[in-house]
2 protein chains.
Amino acid sequence: MTALDIARLSTRDSDFTARLDGLLAWEGVSDAEVQHRVETIIAEVRARGDAALVELSNRFDRLSVSGMDELTLTPERLRQAFDGLPEAQREALRLAAERVRVYHERQKPESWQYTEADGSVLGQQVTPLDRAGIYVPGGKAAYPSSVLMNAIPAHVAGVKEIIMVVPTPDGVLNELVLAAAHLAGVDRVFTLGGAQAVAALAYGTETVPRVDKIVGPGNIYVATAKRAVFGQVGIDMIAGPSEILVVSDGGTDPEWLAMDLFSQAEHDEDAQAIFVSWDAEHLDAVAEAMARLLPTLEREAIARQSLAERGALIHCRDEAEAVELINRIAAEHLELSVADPEAWLPRVRHAGAIFMGRHTAEALGDYCAGPNHVLPTSGTARFSSPLGVYDFQKRSSIIHCSEAGASSLGPTASILARGESLTAHARSAEYRIKS
Amino acid sequence: MTALDIARLSTRDSDFTARLDGLLAWEGVSDAEVQHRVETIIAEVRARGDAALVELSNRFDRLSVSGMDELTLTPERLRQAFDGLPEAQREALRLAAERVRVYHERQKPESWQYTEADGSVLGQQVTPLDRAGIYVPGGKAAYPSSVLMNAIPAHVAGVKEIIMVVPTPDGVLNELVLAAAHLAGVDRVFTLGGAQAVAALAYGTETVPRVDKIVGPGNIYVATAKRAVFGQVGIDMIAGPSEILVVSDGGTDPEWLAMDLFSQAEHDEDAQAIFVSWDAEHLDAVAEAMARLLPTLEREAIARQSLAERGALIHCRDEAEAVELINRIAAEHLELSVADPEAWLPRVRHAGAIFMGRHTAEALGDYCAGPNHVLPTSGTARFSSPLGVYDFQKRSSIIHCSEAGASSLGPTASILARGESLTAHARSAEYRIKS
C-alpha cells in the first residue's frame, strides 16, 4: 500500500484561503494558437461545406472516407447497435432512459398569461427549438449515459430534430453510444468531431443541417469552437473537469465515502474530489480507507494523480463552516452525507446537484436517478444550472393591449420615449391614445 | 418630400430568398485587433485592479480622476437624481417600474420536488445569484428604460447585490439613468465602461466586487469582453441591432404602421424595420405614409439610412406565407397587426416579443407594458428568450435516495458504469445495495 498523496487542509490554518483558492483555480485557457486553428477550421467549413468536413475528418481522425455518406449513420445502424447489446446492458440503459425522461417531464416550463382589468393580456409563450445538436466526444470519454442526458431533455422539450455528432478516431465506433442514441430519440448521427463538427452544426453544410443550439462536452478545440459560434447558435456551458465535494458528519462508512471520492477522481487527472468534515477522527478514517482502497481501483493511476494534484481533505470547525465552504466552492456535485440533509438544504446556495444523505451515491445520479448529469463545473454553479428541458425551449413575450389599455399606457410611454429623445417611439404610442 | 428609399420585395420574385438572406445577414464581428485590445485590457485589470481602472477610464473616457472614489456614485446621488426629475418623468418612471415588477413577479420559477414510492425524493431547488452586474452604455445609447428592464428582474429574482456600471465620457452623467437605478433597486454604481468595466465585474478589484453574471448591451469592445469572460461569469446574449417585423392584414391605419416601423428605424443606422402584407394596396399605402411622415421625424437622417440599408416592404401571397416569414426571420419584435392575432399565436415559433393587435404599439412594450424589452436579436429568438427573472436564478438538482431507492438503483448504475469502464462509480453504487 502506497501512502495517500492528498492535500490536508484545516480552516484554522493561516494560509487556508490561499491554499483553497489555489486548489480551486481552473481556467480552460485556449491559447492564441488554438484560437487561430479553430477559426481557420470554422472558416473552411463555412466556405467549402461537406468537402471541408471530409478532408478535416480524414486528417484529424485518421480516416480515408470520400464522401459524407461515409460520415453518416442511419437510424437502422443505431437500432442495430441497441439490439446487439447484452440483455443486461439493454435493460439498464432502458431503465435509466425512462427515469431520466420521467424526471425531465416534471421540469417543463409552461406558457402563461394573465388579463388585466382593462382587457390587456400579458404573458409568455414557451416553444421548443426547431433543431438541437449534441456533441458526443469519441475515444476515452465516450459515455452512453451522456447521450441520454443530452438528448432526452431535448426530446421532452419537443425539439423537432435532434442531430448528434461523434468523432470516430481511427474509425472506431462505440456501440453503447449508438445504442443510447437510438433509445434517446436522436434523429440523425454524423461521425464528425472537433471544431469542424461544431462549425457544421452552427452554419450547416450541404449534408449537415444548421441547428439552433449545440450542447455537450468536448476537448479544448470543441470548447473554443463553441465559444466562437456562440450567438450564431446557442450553446450550453463550457465544461471544465468534473468535481465532487463530500461533506460528512462522521456517521457514514469511511469506505463508502472513499469510493464516492474515487468515483470522481477516476474520471481524469484534472478531476477534483474534496472531502470536508468537522470530525478529525472521521477525516483520518476516510484518509485511511482511501489509502487502503486506492490500489484496488482499475483506474488507480488516474485517481491517484487527480487526488495528488487537485484533491483535498479539509478539516473545518463546525457545520456552519462546512456550509460556508459549500457555498464558496459551488461544486458540480455536492454530497451531503449527514444525518438530516433536509435541514442543510435551505443554506446551500450554490451547487450543481445535491446528493442527500448517506445512501445517495453520486454515481446513482450519474446514471439513473433521473436528474441530469450535465452540471455546472468550476464554480459556475454560482450562476448556471443543470442541463434541462428549459435549455431546449425559449420564450416569447406576449403583449396584447386592449384599446383602453393602449390608451392608458400611451402617455407614460410617450413621456419616457421623449426623455430618451426617441420621438417616433413617442408618436407611435400617442396614435393609440383615445382623444 | 424626398422619395422613400426602401427595398420592395415580393415572395414571388425568383431572387426573393437570396435578397431576404442578404437583408437579414448580420455578424457583429470583432476583428483580431479588437480581440487583442480587449484581452490586453482584461489582463491589465486582473493584474492591477483599481489602478488599471483609473488609468483606463482617464484614457478612454477622457477623465482626470485619481482614485476609485471618483468613479463611485453613492445611493444618495442616485436618489438626488430621482428627486430632481420633473414630476411627470418621475411618475412615468415609477409607473413603468411598477408594471415591469408586477409582470416579472409572475415569471418566477419555483423549486419543486416529488417523492417516489420507495421514499426517494427528486427535484430542483431554485436560488438567486448572489450578485449581478448591469452594464449600461453611456453617451447616445443611454436609456433609463434599460436600467429598469435589467435591474428589476434581478431584484425580483432575489439577487442580493446589484452592481451597475455606466461610463461617463467626458464626465457627463445622465440623470434619468441614475434616477432609474434608484428606482430599480441598484445597490452600487461605478462610472466605468468598456472592456475594463466588464473585466472588473468578472474578476473583481479592490473596490469593484466580482459578480456572478453580467447583463446589458454595449459596443463591440463590451461585447467582445463579455464573450471573453463567459465561463468566469455568466453573461446574457450578445445583442445585435434592434429589429421589428410588422405583419398587417390591411386593416390598420397606414400612418400607425409607418410610425411603428420608424420607432425601430430611429434607433440607429443598423436597426431593421420590415413590413409584411399580402395586401398590395395596403403595402403601397404604408409606403406612401412612410414617405410622407419620414421628413417629420426628429431622427429622420438615422431612420432614413436604416430603412435604405436594412429595411424592407415585403409582399407575400397569403397569411400562410406571412407565418413562414415570421418564423424564418425570428424577429426581436413581431407586431401582429391583424384582426385576430390570437389565431396566429400557435403558429409563431420564433419571436422575442409578440405585439398583438392593432393597438399594441411596440413602443408600449419598450417602456411600460410590463414584459422585458431586452430581447433576442438577429434571429437568435430561434434559441433564446427575453431577459427575465430566470436569468438571475439558477437551479440545483436534488437527489435524496432512500435506503430502498439506492438499493434498487444500484444494479442499474453498476451495469452502466462498468459499461463505461468507470469501476469506482460502480463500486460506490454497489456499496448501497442491500444484501
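1. Let's start with helix H1 of chain A, residues 16–24: Phe16(A), Leu20(A), Leu23(A) and Leu24(A) are buried there. Why do they sit on the same side of H1(A)? Because they cover an arc of only 95° around the axis. Keep in mind as you look that this is a predicted model.

2. The general rule behind this is handy: an α-helix has 3.6 residues a turn, so residues three or four places apart point the same way. Now turn to the other side of H1(A), where Ala18(A) and Gly22(A) are exposed.

3. The structure has two cavities of 30 Å³ or more. The largest cavity holds about 60 Å³ of space, and its lining is made up of Gly216(B), Pro217(B), Gly218(B), Val222(B), Ala223(B), Lys226(B), Met237(B), Ile238(B) and Ala239(B). Sort that lining by class and you get six nonpolar residues, two polar and one charged.

4. The second largest cavity holds about 30 Å³. Around it you'll find Glu243(B), Ile244(B), Leu245(B), Gln272(B), Ile274(B), Ile329(B) and Ala331(B). Strands E10 (243–248) and E11 (272–277) of chain B each give two or more residues to this lining, and E10(B) has the largest share, with three. By class, the lining of this second largest cavity has five nonpolar residues, one polar and one charged.

Note on methods
Residues numbered from 1 in each chain as written. Chains lettered and ligands numbered in written order. Predicted model: local features only at pLDDT ≥ 70, side-chain atom pairs only at ≥ 80, totals over all residues. Heavy atoms only, no water. Buried < 20%, exposed > 50% of the residue type's maximum accessible area, 1.4 Å probe, protein only. Helix = DSSP H or I, 4+ residues; strand = E, 2+ residues; numbered from the N terminus. Arc of directions from axis to C-beta. 1 Å grid on protein atoms, 1.4 Å probe; cavity = no way out; pocket = protein on both sides within 12 Å on 5 of 7 lines; lining within 4 Å. Points joined across faces, edges and corners; volume = space filled by probe spheres on them. Nonpolar A, V, L, I, M, F, W, Y, C, P; charged D, E, K, R; others polar.
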